[in-house]
Amino acid sequence: MGKSGVIIYDFIISFMWVWSNFLIKLLVNQILGIDYQPKAEFVKNSLSVINMFFFAFLGKVTNGGTYNPLTVIASAVSGGFAHFLFTVGARIPAQVIGSITGVKLIIQIFPGIGFGPRLNVDIHQGALTEGFLAFAIVIISLGLTTKIPSSFFMKTWIASISKLTLHILGSDLTGGCMNPASVMGWAYARGDHISKEHILVYWLAPIEATLLAVWIFRLVVKPAIKVKQNVKAKPE
């Protein structure tokens with residue numbers, strides 16, 4: 001299917017991502033009725049890890065289909081200019097439209113169920129929080145791809161636990177999103193998707209942090225990993 005197939009996969013997977021996270025919360029809070037109980041967090045976090053494994057598997061079988069603009073930006077800056085334009089002009093819009101479509105359907109079927117993550121601190125603290133979370137997860141993802149590229153289970157397990165930990169750290173401040181497209185879906189439903197807070201905190205800060213993480217990884221981390229690997233490869 002080529003490039004058009006990747007765009008379609010991004011749309012579908014982004015649609016599925018917002019639904020999967022909503023269904024996890026619905027299951028824990030309303031169907032099981034264990035919200036605010038100690039075991040609620042354990043169940044929710046366990047389901048979240050399983051969910052991330054499922055979407056990692058989807059990304060593998062679709063040859064790169066994903067729900068997160070930060071993921072494709074990190075790979076786009078490592079490719080050519082044409083690849084970067086395709087990512088910014090086609091893949092990210094597909095992810096955003098998929099997220100918006102998913103959220104709109106959720107609200108139509110479950111009216112009044114909720115309105116997604118919100119900024120609970122001032123705009124500067126929110127931008128720093130989302131920027132730090134994005135920087136951390138991009139560095140971790142790049143390190144895993146470089147160090148254990150062939151181990152799907154181990155790479156996904158470490159990435160999932162890392163994302164979950166970072167999400168918990170930022171959940172009370174910004175929602176701990178690390179996904180501009182998903183936040184855009186809920187912000188569009190609320191009507192504040194073009195506000196200064198949304199653009200700065202959930203788009204500019206994580207994208208700038210992603211670019212910084214890629215640059216630092218290229219400059220510092222990747223050479224250090226290669227030197228370490230070369231030392232290990234030398235015979236005694």
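Predicted model: local features only at pLDDT ≥ 70, side-chain atom pairs only at ≥ 80, totals over all residues.
Me: What makes asparagine 68 count as buried?
Reply: Its relative accessibility is 10%. Buried means under 20%. Asparagine 68 therefore counts as buried.

Me: Where is asparagine 68 found, and what does asparagine 68 touch?
Reply: Asparagine 68 is in the loop between α2 (38-61) and α3 (69-76). Leaving out residues up to four places away in sequence, asparagine 68 touches Gln95, Met178, Asn179 and Pro180.

Me: Why is isoleucine 100 called buried?
Reply: The value for isoleucine 100 is 13% relative accessibility. The limit for buried is under 20%. So isoleucine 100 counts as buried.

Me: Which element holds isoleucine 100, and which residues is isoleucine 100 in contact with?
Reply: Isoleucine 100 lies in helix α4, residues 81-109. Neighbours within four places in sequence aside, the contacts of isoleucine 100 are Met184, Gly185 and Tyr188. A contact here needs heavy atoms within 4.5 Å.

Me: How far apart are isoleucine 100 and phenylalanine 217?
Reply: In sequence, isoleucine 100 and phenylalanine 217 are 117 residues apart. In space, the C-alpha to C-alpha distance is 32 Å.

Me: How do you know that the radius of gyration agrees with a compact globule?
Reply: The rule is 2.2 Å times the number of residues to the power 0.38. For 236 residues, a compact globule would come out near 18 Å. The protein chain has 18 Å, so the value agrees. As for the box, the C-alpha atoms fill roughly 65 × 40 × 40 Å along the principal axes.

Me: How many helices and strands does the protein chain have?
Reply: There are 8 helices and 0 strands. From the N terminus on, the order is α-α-α-α-α-α-α-α.

Me: What does the UniProt annotation "transmembrane region" cover?
Reply: The unreviewed UniProt entry gives residues 6-28, 70-89, 96-115, 127-145, 166-188 and 200-221. In the model, residues 70-89 are 80% helix and 0% strand, with end C-alpha atoms 14 Å apart. Residues 166-188 are 61% helix and 0% strand, with end C-alpha atoms 24 Å apart.

Me: What share of the residues counts as buried, and what share of the surface belongs to carbon and sulfur?
Reply: Of the 236 residues, 42% count as buried. The accessible surface is about 12700 Å², and 68% of that surface belongs to carbon and sulfur atoms.

Me: How far apart are the mean positions of the positive and negative charges?
Reply: The protein chain has 19 positive and 10 negative charges. Their mean positions are 12 Å apart.

Notes: Residues numbered from 1 in each chain as written. Heavy atoms only, no water. Helix = DSSP H or I, 4+ residues; strand = E, 2+ residues; numbered from the N terminus. Buried < 20%, exposed > 50% of the residue type's maximum accessible area, 1.4 Å probe, protein only. Areas by Shrake-Rupley, 256 points an atom, 1.4 Å probe, with all protein chains shown as cover. Lys, Arg positive; Asp, Glu negative; His and termini not counted. Charge placed at Lys NZ, Arg CZ, Asp CG, Glu CD. UniProt positions renumbered as here; feature names shortened; annotations may be inferred.
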